[in-house]
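Please examine the sequence and the structure shown here.

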Amino acid sequence: MSGPVLAAVLAAVTVLACLAVLAAPSRALPSVAGAGAGVVGAVGVVYGVAAISGGLAPVSVGWLVPLAGLRLAADATSGLFMVVTGAVGVVVGIYTAGYAAHGHMGRTPLSVLPLFLACMLGVPLADSVTTFLFLWELMALSSLLLVLAEARRREVRDAGVWCAAMTHLGFVAVLVGLVVFAAAAGAEGFPELSASAASLSPATRSAVFLLTVAGFGSKAGLVPLHAWLPRAHPEAPGPVSALMSAAMVNLGIYGILRVDVTLLGPGPRWWGLALLAAGAVTAVYGVLQAAVATDLKRLLAYSTSENMGLICVALGTAMLLTASGIPAVAAVAMTAALVHLVGHAAFKSLGFLAAGAVAAATGLRDLDAFGGLAPRMPTTTAAFGIAALGASGLPLGCGFVGEWLLLQSLVHALPAGGTMVALVMPLTVGVVALTTGLGTAAMVKAFGVGFLARPRSAEAERASEVGRAMAVGMGLAALACGVLAVAPAVLAPALSRVLPELPAGAGTPQPRLGALLRLPGVGGSMSPALLALGVAAGVLLAFGATQWRARRRPAPRTAELWACGGGALTARMQYTATSFAEPLQRVFDGVLRPDVELAVTHYSQAPYLVAKVTYRSRLRDTVETSLYTPVIRAVAAAARIARRAHMGSIHAYLAYGAAGLIVALLVAR
Amino acid sequence: MTTAAYTDLLHLAAGLQLLCAVGAVWRRQLGPSVRLLSAQGTALAAIPFVSGLYRHEGHLVGVALAVLVLRGGMLPWLVSRLVPTIVRPAADWTDSGRYAGSDLDLDLDVPGSGSAMRPEPHAHDDPEETREPTPLVSTTVSLLLTAALTALAYAVSRPLVTLDPSPATHAAPAALAVILIGLLVLTTRRRAVSQVIGFLTLDNGIAALAFLLTSGVPLVVELGASLDLLLAVLVVAALTGRMRVKFGGTDLGELQELHE
């Protein structure tokens, strides 16, 4: 199919899906909504695959956006992001059919869902500044509507305000950056911008770079612009969280990749360094907050921030190495960024879908109150286990290949680069290692404390398995995780077309993602499939050996479990999420700065005997409290001063207008 | 028509309009102010009429007739219906001056409905409702401000006049002065009716400026602008009725209570 046909089909399907949800009878609403989102996602996948195969003609619709018109074009890079977004959309659509049947989402959010998905599919297609900004803003607005789906709760409204404010500040940064770029280049189409980027003054290019990275970084959740992400993503309904965390944040990366790496780049070395530093800080900070979080969805949201940080580290490394003249390793870093992006989308959508399933079954998000979900919700537990394995970056998880590629690029850049590279790369290796380690701890906590052991609350005890639609949705995402973990070769055809379009990958031998991962020009190879085979063989061997030994054991007897003489074991004796993370919290006390309250009450008659010990520890986002609070306070103070002008008198307001007109007349003269 | 006569008539119309605007600032009685507004609208209609005769353009004469009907007749008539008459002491006002009548259709008292021909229901024996109370700015100061604004209008519109010197553009500063005076009336008057008068003065000025600076406004544009105006006046009429019911008067200062 040609480009215009695909674009028209996408637009028509979206409009039809939105209208169908609005018009559907209440009984059919969940299935219609799920089908609508799923079909839009499927169209997105088809469009993306067509874009990767190449040869789609650009689409230009003059009348749609006033003055500038709508311009769409699809290259392989856009195609990759569209396939990822569309695939997440398909999975989320199937899941929504079950999730909405519980009555968790109203008609309005369900009708916005296809629109949101279509906007996310449209952003990578945009081929001019106006189109890009238009779709970007439409995406931000529809995501805000979805975050506010349960606006009756106060936390949701707070999250909505944060989301709206940060998203729009980011939008203003992107807007100003792109407008400066377009004004300096004298054109607004991306091809024209790309052609004239090299002739811009270095100051203009750097200003555009900083503004756009700040704007796109706020969407991707880079510290310190991440504050909205761990608030908004957890408060949205499950399917929406999955869409936002697995698809929308990617578009922040897409923005950096499209505008800063492809259109503006290749830039000076400090661009790469800046991106690398921002990514490194984000990765460590995000994973640290994830490790101490007790809210399951908040943990996953911080993990999103962490993974976007890692992707930015990979992008920054690729830019730095391109600027330093080590293209072969830069191509490895760029591949790492793209592979990790796809992997993250797979495991994070699965993670949020599983968390949404638990929230739907128990009404809880607090890990301290979970426990014992494995026998009650086996499918969800297995799904979350696969997601957690992916998020921890260990072999057999789908986050592993990306992180391995990233480490390879960091390690092999050493001998070739100059002093700067020699200084930065080992530090970054440390950052990535620390992130992976803490990420494993966070995921072990989420899975072990949340799903295993005994239930710690009545709600967790009453939990029951979710319906078939939700299970199928999670199963598809789990399948994608498995395939990406064992056979990253499925990404090879797409990457071989994407990499030549990017400065880091053009004109160098690319890493080959076969059954054996080979990095040409760099001595390194690895086979996730063989690794998985080895692990599976080892497990089978151990299982067989124990079975064989078991035959020679005496018959088992049932007896009371020994509890150190302390009586029967209760659920209160288990590790909770807080106690599991306590050592980590202690180690990183200086960064996390928890509010700890310890109150010891003694008996009045016997002052040496303790009646009660109250321990309360509360964790706030340090960056948020130390960086945002002063800003918010200053804005509020300025608003109070400005409010004095609003005294409520119509005459004063009219006088303002009259004075304004007279001043304008005098100035215009 | 000779050019000299055209120039004289055009300037006479613009000057008359300015004079009516100054009169609106001077008079505090609402009844005479409405009559001045009617005269102002007629003077405004004269501008396209004279231009149409001079340049032999039929559609300008049509525009002039539309303006005359709307701004010289209909809008001032609508405003006059908002001014309570003193003649009839009405029983439906309590001693405290608060309206206690039962016919709540008062605030929806749209002309053209059945009530159009019957005597004004909100007649009032308190003369304060028929004239501006102590203004925010005294009459003397208002007149001085008017003079200053007129001078300002002439000063700032000089580039416009030098751009294309013609009899019409030479009269444009007067129209700008009418706009500024309209704003002054809007800013300094308390009664809702005075606000409407100020607003209509402002819009008459804008229309006059459009007639003088361009070679004629298409009928569609003029009709569109006038219909907006009609709507605004109808809304204010409904609002005034509501204010009488809620506050017992139409002093806009009372609205300050609505401030959060």
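Predicted model: local features only at pLDDT ≥ 70, side-chain atom pairs only at ≥ 80, totals over all residues.

Residues are numbered from 1 along each chain as its sequence is written, chains are lettered from A and ligands numbered from 1 in the order in which they are written, and side-chain values use heavy atoms, with hydrogens and water left out.

In chain A, the domain assignment gives domain 1 (1–200), domain 2 (266–539), domain 3 (571–618) and domain 4 (626–668); such bounds come from an automatic or database domain assignment. Taken over C-alpha atoms, the centres of domain 1 of chain A and domain 3 of chain A are separated by 47 Å.

Two packed helices are described by the angle between their axes and the distance between the axes. Helices are DSSP runs (H or I, at least four residues), numbered from the N terminus. Axes are lines fitted to C-alpha atoms, for helices over the stretch in contact, with angles from 0 to 180 degrees between N-to-C directions.

The axes of helix 4 (residues 107–122) of chain A and helix 5 (residues 129–147) of chain A come within 9 Å and cross at roughly 150°. Helix 4 of chain A is therefore roughly antiparallel to helix 5 of chain A (an angle over 145 degrees). Residues in contact (heavy atoms within 4.5 Å) include A:Leu113 and A:Phe116 of helix 4 of chain A and A:Leu138 and A:Leu146 of helix 5 of chain A. By class, this contact of helix 4 of chain A with helix 5 of chain A has 12 nonpolar, three polar and no charged residues. Here Ala, Val, Leu, Ile, Met, Phe, Trp, Tyr, Cys and Pro count as nonpolar, Asp, Glu, Lys and Arg as charged, and the others, Gly among them, as polar.

In chain B, the axes of helix 6 (residues 167–188) and helix 7 (residues 192–213) come within 8 Å and cross at roughly 165°. Helix 6 of chain B and helix 7 of chain B are therefore roughly antiparallel to each other. By class, their contact has 17 nonpolar, seven polar and no charged residues.

B:Ile179 lies in helix 6 of chain B. Its relative accessibility is 7%, so B:Ile179 counts as buried (under 20% relative accessible area, with a 1.4 Å probe and protein chains only). Leaving aside neighbours within four places in sequence, B:Ile179 is in contact with A:Leu661, B:Leu202, B:Gly205, B:Ile206 and B:Leu209.

Technical notes: Helix = DSSP H or I, 4+ residues; strand = E, 2+ residues; numbered from the N terminus. Parallel < 35°, antiparallel > 145°, perpendicular 65-115°, else oblique. Buried < 20%, exposed > 50% of the residue type's maximum accessible area, 1.4 Å probe, protein only.
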